[in-house]
Amino acid sequence: MLQPDIKPTLIIAVGNLSRGDDALAPLLLELIEPDIDERTTELLTDFQLQLEHALDINGRDRVLFIDAAVECTKPFSFSEQQPSTEYTHTSHIMSPAAIMQVYQTITKRLPPPCFLLSIKGESFELGETISAPAEQHLQAAKIFTLAALQLSSVEDWRKLKWKPIL
């Protein structure tokens, strides 16, 4: 059962506003904030995922992680995540799958359904603003995210597919 002070949907945006397209996720939260239902959705922004984020997903019905990504072939990708013990090449970078694994390890329970929205970025230099292509990807991701938030069930999120909008 959901705790009274915990909102069922959590959106965690990861990125640095000072590093060009790395700002895509925090900027997306700024764009959607006026349109979300504050009674059901909580927004959280951080520079990177950390162990402590495993506590943030506790008690949620669903979690959406948002991050910029170079490897996207479309303006964005959307996928359900699974807990994983994968390790990255540096100690300060964690994936949503790793956060889910930490949650599962410390609580001895399955994590809530978690999804990753990766927005295609191209330029991540310090002091840069977002690139023109990334701005278009951001607008497409905004439309998609607001549509997803209108869907009440996790099953509906699992059926979501990206369709070109712009």
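**Figure 1. Aromatic pairs in the predicted model.** One of the pairs is formed by Phe-78 and Phe-115, whose rings are stacked, with 5.4 Å from centre to centre and 0° between the planes. Because Phe-78 belongs to strand E4 (residues 76–81) and Phe-115 to strand E5 (residues 114–120), this pair ties together parts that are 37 residues apart in sequence.

**Figure 2. Phe-115 and Trp-157.** A pair of aromatic rings is described by two values, the distance of the centres and the angle of the planes. For Phe-115 and Trp-157 the centres are 5.2 Å apart and the planes stand at 70°, so this pair is edge-to-face. Since Phe-115 lies in strand E5 and Trp-157 in helix H5 (residues 154–159), the pair ties together parts of the chain that are 42 residues apart in sequence. Are Phe-115 and Trp-157 buried or exposed? Phe-115 is buried, and Trp-157 is buried as well. Both residues also belong to one aromatic cluster, which is formed by Phe-76, Phe-78, Phe-115, Phe-144 and Trp-157.

**Figure 3. Strand E5 and its side chains.** Seven of the seven residues of E5 are buried, which means that this strand is largely enclosed by the rest of the structure. Cys-114, Leu-116, Ser-118 and Lys-120 point one way from E5, whereas Phe-115, Leu-117 and Ile-119 point the other way, and the residues of both groups are all buried.

**Figure 4. The neighbours of E5.** Strand E3 (residues 62–69) runs parallel to E5, and seven bridges join the two. Within this pairing, Phe-65 has Leu-116 of E5 as its bridge partner, while Val-63 stands opposite Cys-114 in E5. Strand E4 pairs with E5 in the antiparallel sense, over six bridges, and here the bridge partner of Gln-81 in E5 is Cys-114.

**Figure 5. The sheet as a whole.** In what order do the strands of the open sheet follow one another? The sheet has five strands in the order E2-E1-E3-E5-E4, and its pairing is mixed. Strand E2 (41–46) and strand E4 are the edge strands, each of which pairs on one side only. From one strand to the next, the twist averages 20°.

**Figure 6. The largest pocket.** The largest pocket of the model has a volume of about 460 Å³. Its lining is made up of 21 residues, and those that lie nearest the centre of the pocket are Val-14, Asp-67, Ala-68, Ile-93 and Met-94. Which elements give two or more residues to this lining? They are E3 and E5, and the largest share, five residues, comes from E3. By residue type, the lining of the largest pocket divides into 13 nonpolar, five polar and three charged residues.

Methods:
Residues are numbered from 1 along each chain as its sequence is written. This is a predicted model: local features need pLDDT of at least 70, side-chain atom pairs count only at pLDDT 80 or more; totals for chains, interfaces and linings use all residues. Side-chain values use heavy atoms; hydrogens and water are left out. Rings of Phe, Tyr and Trp (its six-membered ring) pair if their centres lie within 6.5 Å; planes under 30 degrees apart count as stacked, over 60 as edge-to-face and the rest as tilted. Helices (H or I, at least four residues) and strands (E, at least two) are DSSP runs, numbered from the N terminus. Buried means under 20% relative accessible area, exposed over 50%, partly exposed in between (1.4 Å probe, protein chains only). Two strands pair if DSSP finds at least two bridges between them. On a 1 Å grid over the protein atoms alone, a cavity is a set of points where a 1.4 Å probe fits but cannot get out, and a pocket is an open set with protein on both sides within 12 Å along at least five of seven lines; lining residues have an atom within 4 Å of a point. Grid points are joined across faces, edges and corners, and a volume is the space filled by probe spheres set on the points. Ala, Val, Leu, Ile, Met, Phe, Trp, Tyr, Cys and Pro count as nonpolar, Asp, Glu, Lys and Arg as charged, and the others, Gly among them, as polar. Axes are lines fitted to C-alpha atoms, for helices over the stretch in contact, and angles run from 0 to 180 degrees between N-to-C directions.
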